[in-house]
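User: I have a model open and would like to go through it with you. Could you take my questions as they come?
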Amino acid sequence: MNPSRRTMLKIGGLSLAMIPIVALAAKNDGMRTSMKYKDTPEGDKSCANCVQFVPGSGALGGCKIFPGDTEISPKGYCVAYAKKP
Ligand code: SF4
């Protein structure tokens with residue numbers, strides 16, 4: 001194997017290794033803006049007790065109406081808030 005091919009394989013492997021990191025950390029800025037999302041609760045209203053919240057494996061989660069966003073805080077809030085029954 002010549003050095004340039006080896007280098008290309010290393011870069012390719014590195015790129016593949018970074019995909020899960022990029023895929024796991026994403027914000028849907030368009031929805032955040034239009035729904036006035038913020039990382040703090042509104043009184044006792046927070047994502048943690050909203051029907052749309054999808055808990056993640058870590059501290060942050062997702063929201064059913066924010067496609068692709070994986071950084072929704074359980075302590076967050078937006079105008080689409082709907083209390084869990
Ligand atoms: S709809 Fe709004 S308040 Fe409810 S989980 Fe999604 S971002 Fe949080």
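User: Where is Pro74 located?
Analyst: Pro74 is in the segment after E2, and the model we are looking at is a predicted one.

User: Is Pro74 buried, partly exposed or exposed, and why?
Analyst: Pro74 is partly exposed, because 16 other C-beta atoms lie within 10 Å, whereas a buried residue would need 20 or more.

User: Which residues is Pro74 in contact with, leaving aside neighbours within four places in sequence?
Analyst: With those neighbours left aside, the contacts of Pro74 are Ser46, Cys47, Ala48, Phe53 and Gly61. As for Ala59, which is 15 residues away from Pro74 along the chain, the C-alpha atoms of the two are separated by 7.7 Å.

User: Cys47 turned up there; what is Cys47 in contact with, again beyond four places in sequence?
Analyst: On that basis Cys47 is in contact with Phe53, Cys63, Ile72, Ser73, Pro74, Gly76 and Tyr77.

User: Switching to the ligand, which residues come nearest?
Analyst: There are 15 residues around the ligand, and of these Cys47, Cys50, Gln52, Cys63 and Cys78 come nearest.

User: How do the residues of that shell divide by type?
Analyst: The shell around the ligand has 13 nonpolar residues and two polar ones, with no charged residue in it.

User: Let me step back: how many helices and strands are in the protein chain, and in what order do the elements run?
Analyst: The protein chain has two helices and two strands, and from the N terminus on the order is α-α-β-β.

User: What share of the protein chain counts as buried?
Analyst: Of its 85 residues, 16% count as buried.

User: Why does Ala80 count as partly exposed?
Analyst: Ala80 counts as partly exposed because it has 17 C-beta neighbours inside 10 Å.

User: What about Thr33?
Analyst: Thr33 is found in helix H2 and is exposed, since 9 other C-beta atoms lie within 10 Å. From Thr33 to Cys78 the separation is 45 residues in sequence and 9.4 Å in space, C-alpha to C-alpha.

User: And where does Glu42 lie?
Analyst: Glu42 lies in the loop between H2 and E1, where it counts as partly exposed because it has 13 C-beta neighbours inside 10 Å. Glu42 and Tyr81 are 39 residues apart in sequence, with a C-alpha to C-alpha distance of 9.7 Å.

User: One last thing, about Lys36: what is its phi?
Analyst: The phi of Lys36 is near 55°, which is a positive value in a residue other than glycine. Most residues other than glycine have a negative phi. Lys36 is placed in the loop between helix H2 (29-34) and strand E1 (53-54), and Lys36 counts as exposed because it has 11 C-beta neighbours inside 10 Å.

Note on methods:
Residues are numbered from 1 along each chain as its sequence is written. This is a predicted model: local features need pLDDT of at least 70, side-chain atom pairs count only at pLDDT 80 or more; totals for chains, interfaces and linings use all residues. Two residues are in contact if their C-beta atoms, placed from the backbone, lie within 7 Å. A residue is near a molecule or strand if its C-beta atom, placed from the backbone, lies within 6 Å of it. Ala, Val, Leu, Ile, Met, Phe, Trp, Tyr, Cys and Pro count as nonpolar, Asp, Glu, Lys and Arg as charged, and the others, Gly among them, as polar. Helices (H or I, at least four residues) and strands (E, at least two) are DSSP runs, numbered from the N terminus. A residue is buried if 20 or more other C-beta atoms lie within 10 Å of its own, exposed if 12 or fewer, and partly exposed in between; C-beta atoms are placed from the backbone.
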